[in-house]
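Here are my notes from going through this one. Have the model open beside you and check each point as you read.

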Amino acid sequence: MSKVRHVLGISGGKDSAALAIYMKNKYPNLDIEYYTSDTGKELDETYQLIENLEIYLGKKIIKINASVDSNPFDHFIKVYGGYLPSTNARWCTKKLKL
């Protein structure tokens, strides 16, 4: 039987942070891997939240960079005609974080 791998993405928002905290408290023996996708345009507060979560969870959160060669956030800003991501237009999450 193969081992189940538990992976939880941390976006830097309240929902994913709350889920990570809930899972640690509710299932402390579950081995969960955490990751975050860095778009290169995150707020300082997002990086601080990630650091605080690492301390609380007692685990490193793997940081995945969206791209090494270019800035994908700027690329998608151009694709969407300068339209910034928002709660109504979640292209950043869809294109760069998932």
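1. Let's start with Thr 46: buried or exposed? Thr 46 counts as buried because its relative accessibility is 13%, and buried means under 20% relative accessible area, exposed over 50%, partly exposed in between, using a 1.4 Å probe and protein chains only. Thr 46 is found in helix α2, residues 44–57. Leaving out residues up to four places away in sequence, Thr 46 touches Ser 11 and Gly 12; contact here means heavy atoms within 4.5 Å.

2. Before you go further, keep in mind that this is a predicted model, where local features need pLDDT of at least 70 and side-chain atom pairs count only at pLDDT 80 or more, while totals for chains, interfaces and linings use all residues. Residues are numbered from 1 along each chain as its sequence is written, and side-chain values use heavy atoms, with hydrogens and water left out.

3. Now look at Ile 55, which also lies in helix α2. Ile 55 is exposed, as its relative accessible area is 68%.

4. Next, helix α1, residues 14–26. Its 13 residues should span 18 Å at 1.5 Å a residue, and the end C-alpha atoms are 18 Å apart, which agrees. (The expected span is 1.5 Å times one less than the number of residues.) Which residues of α1 are buried? They are Ser 16, Ala 17, Ala 20 and Met 23. Seen down the axis of α1, these buried residues fall within an arc of 130°, so they line one face of the helix; the arc is that of the directions from the helix axis to the C-beta atoms.

5. What covers that buried face? The cover includes β1 (6–9), β2 (32–38) and α2. On the other side of α1, Lys 14 and Asp 15 are exposed.

6. Zooming out, the protein chain has four helices and three strands, in the order β-α-β-α-β-α-α along the sequence. Helices (H or I, at least four residues) and strands (E, at least two) are DSSP runs, numbered from the N terminus. The C-alpha trace spans about 45 × 30 × 25 Å along its principal axes, and 29% of the 98 residues count as buried. Among contacts with a separation of 6 or more, 64% come from residues 24 or more positions apart.

Methods: Expected span 1.5 Å × (residues − 1).
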